[in-house]
Amino acid sequence: LNDVNLMLHVSADHKNATVISFPRDLMLPIPSCPQPDGSSSSPMSEQQLNTTMSVGGLPCTALTIEELTGIPIPYAALITFDGVINMSNAIGGVDVCLTQPIDDTEYTGLYLPAGNNTLIGMDALQFLRARHGVGDGGDTSRISNQQVFMSSLMRKVKDSNTLSDPIKVYSLAKAAVENMTFSDNMANVPFLQAVAGTVKDIDLDHINFVQYPTYTHPYQPGRLTPDRASADVLLNLVKSGQAFDVATAGEGVQVEGETPAVPEDGTAPAEGETPAEGGAPTDGTTATPDPNAPVELPSNITGQRADRQTCSAGRTVY
């Protein structure tokens, strides 16, 4: 079952990158998918996303996401549990912070104390898999946890200039080829080196991790259905290559150092009111919006920018 589904989009000018996570419990149409014997599967009006691997392998998952988003997907890759362990070893581990312990010993065998943890090998795999110990115990909370990991990974890669070092890039590309299954058009070290060159100069504040917006499914308990109106806002921005910002952190995630804003007079803002950053003009004029400023996504689309320090808050809803 393809329980973790990610789509990476890099803008044509190589200035913005977006990683969209699609919940495994998302119910959506499955197109006709090619089969190993040369035939094709029958299209289905509604099935769970994580069944697409069993229907038609990696190509079927890619075709399904392509149909959902309207974005062509020319390249695809698959990584298994062992591959995650080996790739985390090749990277040298990823540092994540926890505001409280994660206890998922009953399901994945994972226990991590509060504070900073360097995740490598099996711990990295189980952190990415764990859901019962984070947020509300569901898959969307697990996605938020994965975004904490991925944003920390990007900060590490940037801080160490990994993508600008040909030796480091070659080493990671070689490890990827040895531990992942790629579509034929990208299954080689030179291609992955070229990908690194494409993204190496993208600033962290222009790399976003977002979750595809959903609603609770109307008649399938525990399942989700696409919030297509909100998704259109997100996908149109992604396809345009325009910079945007994610306003809302995911379930079970805490932004480091973030506290509610309080006006200088000590009073709290009125309900639904957000204090203006830097204070509003006092001479009666209106501030002119910056046309080059990133567009802010609707509050129901969760995620985070790669430059934001975030922590997993552990289990927050029982």
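I began with helix H2 (residues 81-91), whose buried residues are Gly83, Val84, Ile85, Met87 and Ser88. I take buried as under 20% relative accessible area, exposed as over 50%, and partly exposed as in between, with a 1.4 Å probe and protein chains only. Helices (H or I, at least four residues) and strands (E, at least two) are DSSP runs, numbered from the N terminus.

The model is a predicted one, in which local features need pLDDT of at least 70 and side-chain atom pairs count only at pLDDT 80 or more, while totals for chains, interfaces and linings use all residues. Residues are numbered from 1 along each chain as its sequence is written, and side-chain values use heavy atoms, with hydrogens and water left out.

**Entry 1: around H2**

I looked up what covers the buried residues of H2, and found that the cover includes strand S5 (77-79), H3 and helix H5 (166-179). Contact here means heavy atoms within 4.5 Å. After H2 comes Gly92, with a positive phi near 95°.

**Entry 2: the sheet S9-S6-S18-S15**

I next traced an open sheet of four strands, in the order S9-S6-S18-S15 and with mixed pairing. Two strands pair if DSSP finds at least two bridges between them. Strand S9 (115-119) and strand S15 (253-255) are the edge strands, each pairing on one side only. On average, neighbouring strands of this sheet are turned by 45° against each other, direction ignored. For such angles, axes are lines fitted to C-alpha atoms, for helices over the stretch in contact, and the angles run from 0 to 180 degrees between N-to-C directions.

I then went through the pairs. S15 and strand S18 (residues 310-312) are antiparallel, with three bridges; Val255 stands opposite Thr310 in S18. I noted that helix H3 (residues 122-129) packs on this sheet, where it touches strand S6 (94-98), S9 and S18, and that the direction of H3 makes about 115° with that of S9.

S6 and S9 are joined in the antiparallel sense by five bridges, and Asp95 has Thr118 in S9 as its bridge partner. S6 and S18 run parallel and are joined by two bridges; there Cys97 stands opposite Cys311 in S18. I also checked the exposure of S6: four of its five residues are buried, and the strand is mostly covered.

**Entry 3: the sheet S1-S2-S11-S17**

I found another open sheet of four strands, ordered S1-S2-S11-S17, again with mixed pairing. S1 and strand S17 (303-305) are at the edges with a single partner strand each, so one side of each is left without a neighbour in the sheet. The twist from one strand to the next averages 15°.

S1 and S2 pair over six bridges in the antiparallel sense, and Asn5 has Phe22 in S2 as its bridge partner. H4 packs on this sheet and touches S1, S2, strand S11 (207-211) and S17; the direction of H4 makes about 170° with that of S11.

Is Phe22 buried or exposed? Phe22, in strand S2 (residues 17-22), is buried, because its relative accessible area is 1%. Leaving aside neighbours within four places in sequence, I find Phe22 in contact with Asn5, Met7, Leu49, Ile65, Leu68, Thr69, Ile143 and Tyr212. I also noted that Phe22 and Pro226 lie 204 residues apart in sequence and 9.8 Å apart in space, C-alpha to C-alpha.

Gln146 belongs to helix H4 (residues 139-159). Gln146 is buried, with a relative accessible area of 6%. With neighbours within four places in sequence set aside, Gln146 is in contact with Val4 and Leu128.

**Entry 4: the cavity**

How many cavities of 30 Å³ or more does a search of the whole structure find? I record one. A cavity is a set of points, on a 1 Å grid over the protein atoms alone, where a 1.4 Å probe fits but cannot get out; lining residues have an atom within 4 Å of a point.

The largest cavity has a volume of about 40 Å³. I list its lining as His9, Val10, Ser11, Asn16, Thr18, Leu237, Val238, Gly241, Gln242 and Phe244. Strand S1 (5-10) and helix H7 (228-240) each supply at least two residues of this lining. By class, the lining has four nonpolar, six polar and no charged residues. Ala, Val, Leu, Ile, Met, Phe, Trp, Tyr, Cys and Pro count as nonpolar, Asp, Glu, Lys and Arg as charged, and the others, Gly among them, as polar.

Key:
On a 1 Å grid over the protein atoms alone, a cavity is a set of points where a 1.4 Å probe fits but cannot get out, and a pocket is an open set with protein on both sides within 12 Å along at least five of seven lines; lining residues have an atom within 4 Å of a point. Grid points are joined across faces, edges and corners, and a volume is the space filled by probe spheres set on the points.
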